Amino acid sequence: MITIHPDRSIRSASLVAGAGLLALAVLAAFANFVVLEGLVTPGDATATAEAITSSEGLFRAGVASLYVVAVLDVVVAVALGEVFAAVSPRVSVLAAGFRGAYAVVLLVAISHLSAVPPLSGDADRTLAQVEAFRSIWGVSFLFFGAHLLLIGYLAYRSGFVPRVVAVLVAINGLGYLTDLLGTALVPGYSITVANVTFVGEVALMLWLLIQGRRTTVTATVAPTAGEPLPLVP
């Protein structure tokens with residue numbers, strides 16, 4: 001349960017959230033761009049199965065990295081809830097819940113990749129499992145986009161996060177939702193808006209690691225709507 005205290009330090013929570021975001025970004029990049037992009041040939045089941053079979057250790061490392069990413073997403077969700085609890089406890093819990101839901105769906109998606117190595121001799125089933133992972137992971141961005149929108153709102157209301165960072169985070173969330181809707185509604189949709197708007201997550205991570213860990217929120221009196229919270233340097 002998230003608790004709020006007068007003169008509440010967000011330093012530890014900011015450090016945990018920022019470090020978690022950095023770690024999961026590195027692990028997700030390795031799993032997605034090095035392992036999956038490197039071993040999976042879209043539409044070619046035989047080439048995909050052969051690549052995974054010849055680099056099974058690398059593939060398993062990528063799967064393991066994704067499991068760690070899902071765990072880190074839960075850690076980050078809780079830490080960000082602590083960072084923004086003084087702004088709005090209910091919205092902070094809701095934002096954490098959306099990221100937690102994203103992590104659960106991601107785990108379901110990863111389970112399909114876990115079944116791939118034993119199936120490498122069956123090329124069609126191997127490719128089908130990889131495609132199932134990508135499809136389910138894509139659906140999870142509904143929750144992730146909603147999480148970022150709420151974090152952007154909380155950051156904008158906070159008074160201690162630069163509003164440009166808050167706006168970039170919200171735009172990032174809209175990018176994920178745009179891609180999800182585009183894939184669902186537009187045949188042959190190939191634009192990936194989130195590949196551009198991801199700068200919002202980077203900006204938030206840098207703020208958490210550089211400035212957030214030095215920030216203490218003073219909330220002895222509940223602020224009115226739109227009024228920033230006072231800070232202690």
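## Helix packing, a pocket and a cavity

Modeller: Helix α2 (residues 45-54) packs on helix α5 (residues 123-158) at an angle of about 85 degrees, and their axes are 8 Å apart. This is a predicted model, so let's reason from its computed values.

Biologist: Happy to! What makes α2 parallel or perpendicular to α5?

Modeller: Angles from 65 to 115 degrees count as roughly perpendicular. The angle here is about 85 degrees, and therefore α2 is roughly perpendicular to α5.

Biologist: Which residues in α2 and α5 meet?

Modeller: On the α2 side they are Ala45, Thr46, Thr48, Ala49 and Ile52, and on the α5 side Ala123, Asp124, Thr126 and Leu127. By class, this contact has 5 nonpolar, 3 polar and 1 charged residues.

Biologist: Now to another partner of that helix. What makes α3 parallel or perpendicular to α5?

Modeller: The axes of α3 and α5 cross at roughly 20 degrees and come within 11 Å. Angles under 35 degrees count as roughly parallel, so α3 is called roughly parallel to α5. The crossing of α3 past α5 is left-handed.

Biologist: Which residues in α3 and α5 meet?

Modeller: From α3 come Leu66, Asp73, Leu80 and Phe84; they meet Phe133, Phe144, His147, Ile151, Leu154, Ala155 and Ser158 in α5. That contact divides into 8 nonpolar, 2 polar and 1 charged residues.

Biologist: And why is α1 called parallel or antiparallel to α3?

Modeller: Their axes come within 8 Å and cross at roughly 155 degrees. An angle over 145 degrees counts as roughly antiparallel, so α1 is roughly antiparallel to α3. By class, the contact of α1 with α3 has 25 nonpolar, 4 polar and 2 charged residues. Here, too, α1 passes α3 in a left-handed crossing.

Biologist: Which residues line the largest cavity?

Modeller: Its lining is made of Leu21, Leu80, Arg99, Phe144, Leu148, Glu201 and Leu204. Two of these names have come up already: Leu80 in α3 and Phe144 in α5 belong to the contact between those helices. Helices α5 and α8 each supply at least two of its residues.

Biologist: How much space lies in the largest pocket?

Modeller: About 1,200 Å³. A pocket, by contrast with a cavity, is an open set of points. Of the 35 residues that line the largest pocket, Asn32, Trp137, Phe141, Tyr176 and Asn195 are the closest to its centre. The elements giving two or more residues to the lining include α3, α5 and α8.

Biologist: Which helix gives the most to the lining of the largest pocket?

Modeller: That is α1, with 8 residues.

Biologist: And how do the residues of the lining of the largest pocket divide into nonpolar, polar and charged?

Modeller: There are 22 nonpolar, 7 polar and 6 charged residues in the pocket lining.

Note on methods:
Residues are numbered from 1 along each chain as its sequence is written. This is a predicted model: local features need pLDDT of at least 70, side-chain atom pairs count only at pLDDT 80 or more; totals for chains, interfaces and linings use all residues. Side-chain values use heavy atoms; hydrogens and water are left out. Axes are lines fitted to C-alpha atoms, for helices over the stretch in contact, and angles run from 0 to 180 degrees between N-to-C directions. Helices (H or I, at least four residues) and strands (E, at least two) are DSSP runs, numbered from the N terminus. Contact means heavy atoms within 4.5 Å. Ala, Val, Leu, Ile, Met, Phe, Trp, Tyr, Cys and Pro count as nonpolar, Asp, Glu, Lys and Arg as charged, and the others, Gly among them, as polar. On a 1 Å grid over the protein atoms alone, a cavity is a set of points where a 1.4 Å probe fits but cannot get out, and a pocket is an open set with protein on both sides within 12 Å along at least five of seven lines; lining residues have an atom within 4 Å of a point. Grid points are joined across faces, edges and corners, and a volume is the space filled by probe spheres set on the points. A crossing is left-handed if the near helix is turned anticlockwise from the far one by less than a right angle, and right-handed if clockwise.
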